Amino acid sequence: MLTQAPRGTRDILPEQVSKWIYVENKFRDICAKYGFEEIRTPLFEHTELFKRGVGETTDIVEKQMYSFDDNGGRNITLKAEGTAPVVRAYVENKLYANPQPLKLYYITPCYRYERPQAGRLREFHQFGVEVFGTNNPLADAEVIGVAVDLFDELGVKNLEVRINSIGCPDCRKEHRKALTEFLTDKLDLLCETCKGRFDRNPMRILDCKNESCQANVINAPRMMEYLCESCASDFDVLQRNLKAMEIDYIIDPDIVRGLDYYTKTAFEIVSKEIGAQGTVCGGGRYDNLVEEIGGPSTPGVGFGLGIERLLLSLENNDVEIEKRDSTDVFIAVLGEEPEKVAIKLLRDLRCIGIKGQMDLLGRSLKSQFKYADKLKAPFTIVIGEDELKENCVVLKDMKNSEQKKIEINNVIQEVKTRL
Ligand code: ATP
Ligand code: MG
């Protein structure tokens with residue numbers, strides 16, 4: 001146990017971290033281009049927030065939360081998803097008083113108690129964006145645009161953008177009535193979870209992954225046929241804008257976010273190559289959520305995108321992310337005086353942004369060269385007692401093994417120009 005990370009968690013080792021930094025930087029750049037600003041919220045919240053914000057009938061709240069009582073007797077839950085905490089922060093910090101719409105993005109770990117498998121972990125990471133304060137479907141198109149641009153810029157292909165509208169509380173009532181009627185005599189054929197959903201949230205039966213449930217809802221009434229005028233028109237406007245942005249999409253009437261405060265646009269971006277856990281990104285509109293959490297009535301739209309699944313799809317697309325050279329120059333030394341000169345020289349090199357290292361193990365000169373080879377440093381500086389007497393060092397180009405004796409005062413400039 002002591003030497004094993006908890007089930008469903010993973011170390012991200014140095015050799016993988018460069019990939020993470022690469023995709024994080026891409027995401028930050030794209031968010032900046034769209035005018036999103038970063039927000040960071042705590043890793044844990046009051047459990048009540050997720051119950052309200054995510055919804056009592058969701059998988060997350062029903063069985064996936066990491067909840068515990070803290071020493072003060074508060075019921076706390078590790079961040080299970082990104083939206084509810086951002087909505088809480090929006091209300092608590094009165095961000096609705098800022099010029100709207102407010103466009104926020106986050107990069108965060110999330111925690112869900114699930115059965116671990118490829119693309120499904122107990123600790124995973126999400127990119128997410130939220131736009132508050134506008135119900136214009138232009139915002140929905142921008143949100144989808146951020147995710148699509150990220151995949152494009154990273155070189156991920158074979159993706160499908162699937163969109164749907166799940167209507168508003170008004171038109172959903174009609175649909176719910178029709179759906180309940182349709183399902184009444186099929187109740188026995190549904191999975192246990194869906195039997196429970198029948199009363200509380202029948203729409204969620206539509207996107208159940210269970211085969212028997214799927215077979216039985218094939219001809220069920222879909223929300224699309226029940227959209228009121230405003231919802232239908234917003235869905236048209238979204239499509240018009242996606243077309244204008246040249247974003248390909250398909251309409252998938254089975255996508256359901258399934259909560260009372262989720263409204264209108266629901267979408268997923270699916271990678272067709274990474275298997276069962278192919279949904280890399282999921283999002284939609286939540287025009288009633290801010291109010292539900294206790295803020296002023298404020299529309300919102302956003303997405304959450306799984307970084308582990310994004311990295312899986314990068315691998316499947318054979319996108320190579322080069323590990324950056326970790327060392328520009330290695331300084332090999334022999335003797336006390338050279339050591340002193342070296343550590344000062346390293347400081348000066350690092351000061352101007354050059355990545356440098358020296359031996360910290362008291363190795364022989366020969367071993368130091370071997371080590372420099374392993375570090376793949378393009379240059380080695382050799383400082384020996386004899387050279388020092390002439391105020392010189394030897395600069396070795398590791399690619400062609402050419403050596404050159406240069407004055408110590410010139411070595412920084414020389415390395416800088418040759419890198
Ligand atoms: P799924 O249907 O795969 O369970 P979800 O509907 O629970 O996904 P969301 O809550 O919408 O997912 O989260 C957004 C994204 O976060 C998902 O599309 C996925 O990429 C990622 N994600 C969700 N749960 C996990 C997990 N347990 N491990 C890794 N990534 C996850
Ligand atoms: Mg899930």
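1. R363 lies over the face of Y371, 4.1 Å from the ring centre, and R122 lies over the face of Y113 at 4.0 Å from the ring centre. A charge sits over a ring here if NZ of Lys or CZ of Arg is within 6 Å of the ring centre and within 35 degrees of the ring normal.

2. The model is predicted: local features need pLDDT of at least 70, side-chain atom pairs count only at pLDDT 80 or more, and totals for chains, interfaces and linings use all residues. Residues are numbered from 1 along each chain as its sequence is written, chains are lettered from A and ligands numbered from 1 in the order in which they are written, and side-chain values use heavy atoms, with hydrogens and water left out.

3. Ligand 1 has 14 residues around it, of which R112, E114, L121, V280 and R309 come nearest; a residue is near if one of its heavy atoms lies within 4 Å. The shell divides into four nonpolar, five polar and five charged residues. In this division Ala, Val, Leu, Ile, Met, Phe, Trp, Tyr, Cys and Pro are nonpolar, Asp, Glu, Lys and Arg charged, and the others, Gly among them, polar.

4. From R309, a side-chain N or O atom lies 2.9 Å from a ligand oxygen. The protein covers 83% of the 580 Å² of accessible area that ligand 1 has on its own (Shrake-Rupley method, 1.4 Å probe).

5. Strand 6 (123-132), strand 10 (279-285) and strand 11 (300-306) each give two or more residues to the shell around ligand 1. Strand 10 gives the most, with three. Helices (H or I, at least four residues) and strands (E, at least two) are DSSP runs, numbered from the N terminus.

6. There are nine aromatic pairs. Rings of Phe, Tyr and Trp (its six-membered ring) pair if their centres lie within 6.5 Å; planes under 30 degrees apart are stacked, over 60 edge-to-face and the rest tilted. F27 and F127 are stacked, 4.3 Å centre to centre with 15° between the planes. F27 lies in helix 1 (residues 14-34) and F127 in strand 6, so the pair ties together parts 100 residues apart in sequence. F27 is buried at 1% relative accessible area, and F127 is buried at 0% (buried means under 20%, 1.4 Å probe, protein chains only).

Note on methods. A polar contact is a pair of N or O atoms within 3.5 Å; within protein, one must be able to donate a hydrogen and the other to accept it, and residues adjacent in sequence count only if both atoms are side-chain atoms. Buried means under 20% relative accessible area, exposed over 50%, partly exposed in between (1.4 Å probe, protein chains only).
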